[in-house]
Amino acid sequence: MEPITIAELLPGYEPYHEENVNSVYKAQVHTDDQGEISAFVKSIPDQELLMECISALIGRALNLPIPKPLLVIVKPDSCPPGHDLRKPLFGCEEIQHPSVRRFVCPDGDINPHFHQLFIEKISAWKQLADAALFDEQIANCDRNSGNYLFDGRTFHLIDHGLAMYILFNEAITTDSPIPDNSFLQILTQQDEMSRKRSQKQIKTLLTQLGCININQAYDCSLFEKYADTPELGQKMIEIYRKRIEYITDIVFTQLGFKQENNNEYGAW
Ligand SMILES: Nc1ncnc2c1ncn2[C@@H]1O[C@H](COP(=O)(O)OP(=O)(O)OP(=O)(O)O)[C@@H](O)[C@H]1O
Ligand SMILES: [Mg+2]
């Protein structure tokens with residue numbers, strides 16, 4: 001698994017507004033391996049930083065299209081307002097494309113051509129089943145249209161700060177589906193043939209998911225270097241591990257395939 005990249009915030013960052021909740025900045029950051037790069041950075045609580053980093057590292061190890069995560073160090077003379085200097089910002093290498101918000105129509109003022117293009121591309125997206133499984137495993141309840149980007153052809157996943165919300169919300173249990181898995185919902189509406197194809201694809205990714213070393217991912221996230229409550233990390237690992245035991249059942253049941261015998265789901 002790749003280690004997380006450490007970067008330094010350079011002066012001249014600009015606030016970025018797109019109906020987002022946190023203060024997000026578009027910035028230039030300096031990294032040792034790539035030099036100066038463009039990134040989106042935000043000041044978020046420790047547990048969200050942990051989930052952003054660990055989800056991105058796991059997702060990238062599964063070949064999901066997630067921009068490179070960064071821990072961004074700030075100096076006193078370039079510190080965003082209200083940010084605790086002892087902590088890194090979360091950074092994410094810039095993808096030069098807008099979020100899906102521009103393609104769905106909350107206010108009804110979107111070009112219908114763009115909306116149609118989005119519907120066609122998301123339904124045919126080759127990694128849709130993988131992304132649905134990923135969100136379900138990390139219990140990411142926040143895959144709204146601001147949290148994936150669309151380049152007119154394919155998609156990029158961002159903003160995993162609210163993954164593993166199970167840690168704070170007892171209404172979501174380790175062995176149950178998350179309330180709102182947007183990608184899985186698209187798959188469940190497809191015909192039986194397509195759902196079987198998704199099931200087959202998910203089986204392959206389940207094998208890869210089983211090979212992810214969550215302890216290693218946690219170490220790579222460097223959480224214990226900046227966290228005030230490192231015990232949260234161990235709790236997260238425990239929940240992730242428990243969820244892996246139920247994940248096949250959770251996803252296949254939602255796809256409409258009942259467990260038959262010895263963990264075999266349906267015939268293919
Ligand atoms: N790596 C990136 N490349 C391009 N755009 C990005 C990137 N990261 C973030 N953005 C843009 O910034 C917006 C806000 O980022 P993000 O979703 O991470 O912040 P947030 O405020 O925590 O979100 P939310 O509104 O879900 O709470 C995104 O919707 C997207 O438009
Ligand atoms: Mg967001």
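Modeller: Start with handedness. This is a predicted model, and in it the crossing of H1 and H6 is right-handed.

Colleague: Which residues of H1 and H6 make the contact?

Modeller: From H1 come Leu 50, Cys 53, Ile 54, Leu 57 and Ile 58. H6 supplies Ala 217, Tyr 218, Cys 220 and Ser 221. Sort them by class: eight are nonpolar, one is polar and none is charged.

Colleague: At what angle do H1 and H6 pack, and how far apart are their axes?

Modeller: Helix H6 covers residues 214-221. Its angle with H1 is about 125°, and the axes lie 9 Å apart. Now name the arrangement. Angles of 65 to 115 degrees count as roughly perpendicular, and those over 145 as roughly antiparallel. The H1 and H6 pair is therefore oblique.

Colleague: Which residues of H3 and H8 meet?

Modeller: On the H3 side, look for Leu 133, Glu 136 and Gln 137. They meet Arg 243, Ile 244, Ile 247, Ile 250 and Val 251 in H8.

Colleague: What about H3 with H5: at what angle do their axes cross?

Modeller: Roughly 50°. H5 is the helix at residues 192-210, and its axis comes within 9 Å of the H3 axis. Only angles under 35 degrees count as roughly parallel. So H3 and H5 are oblique too. The handedness of the H3 and H5 crossing is right-handed.

Colleague: Which residues of H3 meet H5?

Modeller: Ala 129, Asp 130, Leu 133 and Gln 137. Their partners in H5 are Ser 198, Gln 201, Ile 202, Leu 205 and Leu 209. Here the classes are five nonpolar, three polar and one charged. Look at Leu 133 and Gln 137 again. Both meet H5, and both also meet H8.

Colleague: Now step back. How is the protein divided into domains?

Modeller: Domain 1 is 5-93, and domain 2 is 100-254. Their centres are 21 Å apart, taken over C-alpha atoms.

Colleague: How many residues are in contact between domain 1 and domain 2?

Modeller: Count each side separately. Domain 1 gives 28 residues and domain 2 gives 34. Then ask which element gives the largest share of the domain 1 side. That element is helix H1, residues 46-61, with 14 residues. By class, the domain 1 side has 17 nonpolar, four polar and seven charged residues.

Colleague: How many helices and strands does the protein have?

Modeller: Eight helices and eight strands.

Colleague: And how do I judge the overall dimensions?

Modeller: Compare the radius of gyration with that of a compact globule. For 268 residues, such a globule would have a radius near 18 Å. The protein has 19 Å, which agrees. Then picture a box along the principal axes. The C-alpha atoms fill one of roughly 60 × 45 × 35 Å.

How values were computed:
Residues numbered from 1 in each chain as written. Chains lettered and ligands numbered in written order. Predicted model: local features only at pLDDT ≥ 70, side-chain atom pairs only at ≥ 80, totals over all residues. Domains from an automatic or database assignment. Contact = placed C-beta atoms within 7 Å. Helix = DSSP H or I, 4+ residues; strand = E, 2+ residues; numbered from the N terminus. Nonpolar A, V, L, I, M, F, W, Y, C, P; charged D, E, K, R; others polar. Rg over C-alpha atoms; globule rule 2.2 N^0.38 Å. Axes fitted to C-alpha atoms, helices over the stretch in contact; angles between N-to-C directions. Left-handed = near helix turned anticlockwise from the far one by under 90°.
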